[in-house]
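Open the model in a viewer and keep the selection tool at hand. The stops below can be taken in order.

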Amino acid sequence: MRKTAAVGIAAALGVAIAGCGSSGSDKSTVTLWMYPVIADQAKSQAFWGKVEKDFEAKNPTVDVKVDLQPWEGRQEKVTTALISKKGFDLVVLGPDQIPQYAQQGTVEAVDDVIAADKAKYLPNALSALTVNGRLYGVPIYQTITAPIYNKKLFAEAGVDPAPRTLAELKAAAPKLAAKKVAVLDYPGKPEVSLNQSFYPLLWANGGSVFAPDGKSVAFNGPEGVESLQLLLDLKAAGGLPENTASKGNDIEGGQLAAGRTAMYHAATALQATQLGAAIGAENVGIGLPLEGRKRVAFGISGGLVLAKYSENKDAAKKFAAFLASPEVSAQLAKESGFFPARTDVTVPGQSAEAQEFAKSLQYAFPGDTHPKARQVMGVLAPHIQAALLGKEDARTALDAAAKEADTLLSSGG
C-alpha cells in the first residue's frame with residue numbers, strides 16, 4: 001500500500017503520477033485526488049490512510065493512492081490533468097464543475113457504479129451530478145446550508161419566532177436596527193461564492209441564474225431585481241452590516257459572533273458550531289431555508305469523477321463503489337461534518353446541530369449548473385457589490401451584469 005500523500009505533493013503537474021497506469025507489477029494502480037473535506041489535516045490523513053488499507057485488504061490486486069490536494073488552484077489543476085491525460089484516475093468534483101468536463105468528453109459516465117443501489121441515494125444528489133441523462137459523479141457526501149441566528153438578539157428585539165420567510169426578515173429589520181443590530185449578516189465581498197450569499201435569495205424568489213436553454217442569463221429578471229432590492233431595502237433600514245459590501249462569511253471574529261448581526265441565511269453546520277462557541281450554544285437557532293415563493297437550500301454532492309484517460313477504469317469503479325458504501329460514507333460524514341448522500345446511512349455520534357441541518361436536505365439545490373457557472377458568478381458579484389455600495393440601483397446593476405455575462409456565453413470566453 002502506498003502512503004497517503006501529504007497536501008501539495010502532487011501539485012507539480014509536470015511530474016507524471018504513477019497512479020494512472022501500471023504499478024510495475026500485476027496490480028492495477030488507482031489514484032484519487034481528494035480535497036480537505038475533513039478539515040483537520042491529521043484526521044484527514046488518518047482517515048484516508050485507513051481507507052487505502054481497508055480497500056487493499058479486500059482487493060489485493062489493486063494498489064490505491066489517495067493524494068490529498070489543497071482547494072487552492074483546484075479547477076486549473078484538474079483541467080490541466082484531464083488535458084494532459086495524467087494525474088489521477090478519480091477526482092472529487094462538485095456539480096458546477098462537472099458539466100464542462102462532460103461537454104469536453106474528458107470524463108467517463110459512472111451510472112453502472114451506483115446501479116444496484118440507485119434507490120438508496122438522495123435523488124437530489126444524483127440529479128446534481130447528472131449531465132444530459134448520464135451520471136458523471138458517484139456521490140460520497142452531501143453538503144447543506146441553512147439559516148443560523150442569535151436567539152437572544154431576536155428575543156430582545158421582540159421578534160419571536162425568528163424570521164422564517166423573506167417577508168418576515170424584512171419586517172424584523174427595523175426592530176433589530178433600533179437595538180443597533182443588523183438583522184442579516186450578508187457577505188457582499190465578491191470572493192464569497194454567490195451560492196452562499198445572493199443566489200439563495202434569488203432561488204427563494206423563484207428565479208434562476210440561467211435561461212432554460214443555457215444560452216443566456218436570467219438573473220436580471222423580475223425575481224432577481226426583487227432579490228437585490230430586498231438587500232437594498234434591508235440596508236436602508238439598518239438591516240445589513242455597514243461593511244456588507246466588503247465582508248466575508250467567516251463566523252469566527254465576525255459580526256455575527258460579536259452580536260452585531262442576528263442571522264446568516266446560508267450557513268454550514270460547522271459555522272453553527274463556531275457561532276455556539278462564541279455566543280453560547282443555547283443561544284444559537286437553526287432554521288429551515290428562508291421562504292420566498294419556495295424554500296431552497298444550497299447544498300452540493302461531492303462526486304467521484306472518473307477520468308476518460310484512466311487505464312484502470314474497472315479498478316477505479318470498484319474503489320468508487322467502496323467509498324460510496326454505507327460503511328465508508330458513515331465514517332466520512334462523521335469525520336467531515338458533511339452528510340451522507342445515501343438514505344441508508346446512520347452517522348455515528350451526529351451532533352444536535354447536524355441533525356437540525358439535516359432537516360434542510362430535502363430542499364437541497366446544487367445551484368444552476370452550467371459549464372460557465374463560475375465565470376458568470378465572477379461577472380455578477382462585482383455588480384451586486386456596486387449596488388450595495390450605492391453606485392448602481394438593482395435594475396441597473398443586474399442588467400449591466402447580464403450584458404457582460406451574455407457576451408461571455410455567446411463568445412465562448
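Predicted model: local features only at pLDDT ≥ 70, side-chain atom pairs only at ≥ 80, totals over all residues.

Residues are numbered from 1 along each chain as its sequence is written, and side-chain values use heavy atoms, with hydrogens and water left out.

**Stop 1: H1 and H12**

Select residues 41–58, helix H1, and residues 326–336, helix H12. Helices (H or I, at least four residues) and strands (E, at least two) are DSSP runs, numbered from the N terminus. The two axes come within 11 Å and cross at roughly 175°. Axes here are lines fitted to C-alpha atoms, for helices over the stretch in contact, with angles from 0 to 180 degrees between N-to-C directions. H1 is therefore roughly antiparallel to H12; angles over 145 degrees count as roughly antiparallel, under 35 as roughly parallel, 65 to 115 as roughly perpendicular and the rest as oblique.

Now show side chains. Lys43, Phe47, Trp48 and Val51 of H1 are in contact (heavy atoms within 4.5 Å) with Val328, Gln331, Leu332 and Glu335 of H12. This contact has five nonpolar residues, one polar and two charged. In this scheme Ala, Val, Leu, Ile, Met, Phe, Trp, Tyr, Cys and Pro count as nonpolar, Asp, Glu, Lys and Arg as charged, and the others, Gly among them, as polar.

**Stop 2: H1 and H11**

The crossing is right-handed, that is, the near helix is turned clockwise from the far one by less than a right angle. From H1, Trp48, Val51, Asp54, Phe55 and Lys58 meet Lys318, Phe319, Phe322 and Leu323 of H11. Six of the contact residues are nonpolar, none polar and three charged.

Trp48 and Val51 of H1 take part in the contact with H12 and in that with H11.

**Stop 3: H9 and H14**

Select 222–236 (H9) and 373–388 (H14), whose axes come within 10 Å and cross at roughly 30°. The pair is therefore roughly parallel, and H9 passes H14 in a right-handed crossing. Leu228, Leu231, Leu232 and Lys235 in H9 meet Ile384, Ala387 and Leu388 in H14. The contact comprises six nonpolar residues, no polar and one charged.

**Stop 4: the second largest pocket**

Which residues are closest to the centre of the second largest pocket? Select Pro99, Thr130, Val131, Thr369 and His370, from a lining of 15 residues. Helix H3 (98–104), helix H5 (123–128) and strand S5 (130–131) each supply at least two lining residues, and H3 gives the largest share, three. The lining has seven nonpolar, seven polar and one charged residues.

**Stop 5: two loops**

Go to the loop between helix H6 (151–156) and helix H7 (166–177), where Pro161 lies. A cis peptide bond joins Asp160 to Pro161, with omega about 5°. Finally, select Lys85 in the loop between helix H2 (74–84) and strand S3 (90–93). Phi of Lys85 is near 60°, a positive value in a residue other than glycine.

Methods: 1 Å grid on protein atoms, 1.4 Å probe; cavity = no way out; pocket = protein on both sides within 12 Å on 5 of 7 lines; lining within 4 Å.
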